[in-house]
Amino acid sequence: MTNVIFFFKSFSSLHFQFPSLVPKPPPFLSFLSLQKKSSSNSLNSVDKTLIGALSGVLSFGLLFHSPLSVALDYSSVEIFSLSADSSPSDSSASCVEDELPDFGNAETVSPPVTNEDIVQEAWEIVNDSFLDAGHHRWSPEAWKQRQEDIMNMSIQTRSKAHNIIRRMLASLGDPYTRFLPPAEGDEVLAVNGVDARGKSAFEVSSLLQGPNETQVTVKVKHGNCGPEESIQVQRQVLVRSPVFYRLEQIDAASSVGYVRLKEFNALAKKDLVTAMKRLEAMGASYFILDLRDNLGGLVQAGIEIAKLFLNEGSTVIYTVGRDPQYQKTVVADTGPLVTAPVVVLVNKKTASASEIVASSLHDNCRAVLVGERTYGKGLIQSVFELHDRSGVAVTVGKYVTPNHKDINGNGIEPDFQNFPAWTDVTERLSQCIILHQG
């Protein structure tokens, strides 16, 4: 998870290597999905995906075209999706200098949209989708008044329009809702001669991947109006297993499998499955899943790991938002990997994807929580592109536990502060099941 939404670097300032996972960022939960704003000024639409780091591939910022059907729900790899209202062939038409005056329909200068249109477009995105996650600064009435104030302004330059958007978003009091200038990020045009336009994030990811220390040629366009360049980079694998496990003997008749999960990276599910199977084969009758100091990582990895412990059809997590597309229920689609009682260790640095796992197992009567109240990060962001290829990142939703408790700002309260006897664990889980059945 990340509390700094945008991770942009240009190719010119990089060491050309491909670590397969970015370092663990600060706690933050984001679900970034493809957005499209309808407009009378829209041309042929094509979506773009802005990537801070592709899981298993990149650690720098890229921009490439992606079909609308792709659903992106990673967070620590900082994947961002944008909607565009111009085709790849029209990219040069939107190269507008920052201080270009708005001359309307003058023949000498023909910007795609007016400065007022850009501000209005950002206003509409917030009006339609923004979710006030506890700051209580947003209301339909106050936001409508802000629109009326803007309509009375004369916005002479694009820079001024962008500054108005910045102030407008800052007034919401949400640190994750922010403005994205058009010049940030590099656009990927091709990988090893294969056109990247029209391909999904994961299709381009597969093109970039390959054997360690081999070369790949990436054709990029620098910034919104910058030159095209072909760069040869070297692949490097730096990913490490986040799983540590051991078997501990409780008494002569029973033992416990201890599993420490440091982060939710690309190897988390696979290595956790291996650990659980080995511990079960070694005779583990109980399990401890240690999520202390786990700040999160890939949201999807957290969801898939939670499913390993749940019965088919059980609710993993809910997403809630003003827009119906963010109102979803995620459920387990297979049976559990193990059925033995589980204790999940948590503390104040258990955050984001870790909180999804902890709450899912707890609310489905599969585990008791031991330790401290968790961090409380559960917001969903989407990034929308404006007509001049600037963008706004907007908080559009939040995660809610299977028992309908809001994670963000609240965290999850443990069942026990100190480690209980295993008889108390099994009794608590039995009571939970009876309560749910009743």
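This report walks through a few helices, loops and individual residues in a predicted model.

## Helix 1 and what it packs on

Let's start with helix 1, which runs over residues 115-129. Its 15 residues reach 22 Å from the first C-alpha to the last, close to the 21 Å expected at 1.5 Å a residue. The buried positions in helix 1 are Asn115, Ile118, Val119, Gln120, Glu121, Ala122, Trp123, Ile125, Val126 and Ser129.

What do the buried residues of helix 1 pack against? Two of the partners are helices, namely helix 2 (140-151) and helix 3 (158-170). The others are strand 17 (379-385) and strand 18 (391-400).

## Helix 1 against helix 2

Two packed helices are described by the angle between their axes and the distance between the axes. For helix 1 and helix 2, the axes come within 11 Å and cross at roughly 175 degrees. With a cut-off of over 145 degrees for the label, this pair is therefore roughly antiparallel.

On the helix 1 side, the meeting residues are Val119, Gln120, Trp123, Val126 and Asn127. They face Trp143, Lys144, Arg146, Gln147, Ile150 and Met151 of helix 2.

Gln147 is worth a look of its own. This helix 2 residue counts as buried because its relative accessibility is 11%, with the cut-off at under 20%. Leaving aside neighbours within four places in sequence, Gln147 is in contact with Gln120 and Trp123, and both of those are buried residues of helix 1. Its side chain also makes a polar contact of 2.8 Å with the side chain of Lys144.

Helix 7 covers residues 353-363. How many of its residues are buried? Eleven of eleven, so calling it mostly covered follows from the under 20% cut-off. The list takes in Glu355, His362 and Asp363 as well as Ile356, Val357 and Leu361.

The axes of helix 6 (299-307) and helix 7 come within 8 Å and cross at roughly 20 degrees. That makes the two helices roughly parallel, and the crossing is right-handed. Helix 6 brings Val299, Gly302, Ile303, Ile305 and Ala306 to the meeting, while helix 7 brings Ala353, Ile356, Val357, Ser360 and Leu361.

Ser354 sits in helix 7 and counts as buried because its relative accessibility is 0%. A polar atom of the Ser354 side chain lies 3.0 Å from the backbone oxygen of Asn294. Not counting residues up to four places away in sequence, Ser354 touches Phe264, Leu291, Asn294 and Gly296.

Now for Asp293, found in the loop between strand 12 (286-290) and helix 6. Its phi is near 65 degrees, a positive value in a residue other than glycine. Is Asp293 buried or partly exposed? It counts as partly exposed because its relative accessibility is 34%.

Cys365 counts as buried because its relative accessible area is 7%.

Pro242 lies in the loop between strand 9 (228-235) and strand 10 (243-249). With a relative accessible area of 1%, Pro242 is buried. Which residues does Pro242 touch, not counting those up to four places away in sequence? They are Arg260, Leu261, Lys262, Glu263, Asn265, Leu267, Ala268 and Asp271. Take Glu263: it is 21 residues from Pro242 in sequence, yet their C-alpha atoms are 5.8 Å apart.

Ser254 is in the loop between strand 10 and strand 11 (255-261), and it is buried at a relative accessible area of 13%. Ser254 and Gly283 are 29 residues apart in sequence and 7.7 Å apart in space, C-alpha to C-alpha. Beyond its neighbours within four places in sequence, Ser254 is in contact with Gln249, Ser285 and Tyr286.

How values were computed:
Residues are numbered from 1 along each chain as its sequence is written. This is a predicted model: local features need pLDDT of at least 70, side-chain atom pairs count only at pLDDT 80 or more; totals for chains, interfaces and linings use all residues. Side-chain values use heavy atoms; hydrogens and water are left out. Helices (H or I, at least four residues) and strands (E, at least two) are DSSP runs, numbered from the N terminus. Buried means under 20% relative accessible area, exposed over 50%, partly exposed in between (1.4 Å probe, protein chains only). A polar contact is a pair of N or O atoms within 3.5 Å; within protein, one must be able to donate a hydrogen and the other to accept it, and residues adjacent in sequence count only if both atoms are side-chain atoms. Contact means heavy atoms within 4.5 Å. The expected span of a helix is 1.5 Å times one less than its number of residues. Axes are lines fitted to C-alpha atoms, for helices over the stretch in contact, and angles run from 0 to 180 degrees between N-to-C directions. Angles under 35 degrees count as roughly parallel, over 145 as roughly antiparallel, 65 to 115 as roughly perpendicular and the rest as oblique. A crossing is left-handed if the near helix is turned anticlockwise from the far one by less than a right angle, and right-handed if clockwise.
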